[in-house]
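Please have a look at the sequence and the model on the screen. I will go through a few features, starting with one side chain and its partner.

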Amino acid sequence: MAIYLIRHGETAGNRDRIVQVPQTPLSTEGLEQAERLADRLVDHPVRRILASDLARAHMTAGAISRKLGLEI
């Protein structure tokens with residue numbers, strides 16, 4: 001069994017190196033990063049996706065969820 005620990009994609013706060021609030025969404029680059037990651041995970045035996053309720057984490061997991069056909 002393998003466990004993949006994935007950090008969310010880029011946010012404007014990450015990019016600008018400022019403290020961000022929990023509901024900070026992914027930036028355009030962060031959304032693209034999440035999509036690229038989802039593409040890479042297609043060939044891996046992922047069976048379950050768990051995510052924080054933070055917006056940026058859920059948005060990252062959502063891209064993976066849609067690509068792999070799994071619920072978060």
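Lys67 has a relative accessibility of 43%. Exposed would need over 50% and buried would need under 20%, so Lys67 counts as partly exposed. Before going on, note that this is a predicted model, and each value I give is computed from it.

What does Lys67 form with Asp39? The two make a salt bridge, and their closest N and O atoms are 2.8 Å apart. Lys67 sits in helix H3 and Asp39 in helix H2, so this pair ties together parts that are 28 residues apart in sequence. As for Asp39, its relative accessible area is 41%, and it is partly exposed.

How many salt bridges does the structure hold? There are 4. Another of them joins the side chains of Glu35 and Arg66, with 3.6 Å from N to O. Here Glu35 belongs to helix H2, which covers residues 28-41, and Arg66 to helix H3, so the pair ties together parts that are 31 residues apart in sequence.

Arg15 has 47% relative accessibility and counts as partly exposed. Asp16 is also partly exposed, at 44%.

Next is Arg17, in the loop between H1 and H2.

Now to the open space in the model. Rolling a probe the size of a water molecule over the atoms shows where empty space is left. How much space lies in the largest pocket? The value is about 690 Å³. Its lining consists of 21 residues, and those nearest the centre are Ile3, Tyr4, Arg48, Ile49 and Leu50. By class, the lining has 15 nonpolar, 3 polar and 3 charged residues. Which element gives the largest share of that lining? Helix H3, residues 55-68, supplies 4 residues, and that is the largest share.

Is Ile3 buried or exposed? Its relative accessible area is 65%, so Ile3 is exposed. Together with Met1 and Leu5, Ile3 makes a nonpolar surface patch of about 500 Å².

Gly69 counts as exposed, with 63% relative accessibility. Where is Gly69 relative to Arg47? Along the chain they are 22 residues apart, and their C-alpha atoms are separated by 9.8 Å.

That is the end of my part.

Terms used: Residues are numbered from 1 along each chain as its sequence is written. This is a predicted model: local features need pLDDT of at least 70, side-chain atom pairs count only at pLDDT 80 or more; totals for chains, interfaces and linings use all residues. Side-chain values use heavy atoms; hydrogens and water are left out. On a 1 Å grid over the protein atoms alone, a cavity is a set of points where a 1.4 Å probe fits but cannot get out, and a pocket is an open set with protein on both sides within 12 Å along at least five of seven lines; lining residues have an atom within 4 Å of a point. Grid points are joined across faces, edges and corners, and a volume is the space filled by probe spheres set on the points. Helices (H or I, at least four residues) and strands (E, at least two) are DSSP runs, numbered from the N terminus. Ala, Val, Leu, Ile, Met, Phe, Trp, Tyr, Cys and Pro count as nonpolar, Asp, Glu, Lys and Arg as charged, and the others, Gly among them, as polar. Patches are made of residues with over 30% relative accessible area and no salt bridge: like charges are joined within 9 Å, nonpolar side chains (Val, Leu, Ile, Met, Phe, Trp, Tyr) within 5 Å. Accessible areas come from the Shrake-Rupley method with a 1.4 Å probe; for residues, only the protein chains shown count as cover. Buried means under 20% relative accessible area, exposed over 50%, partly exposed in between (1.4 Å probe, protein chains only).
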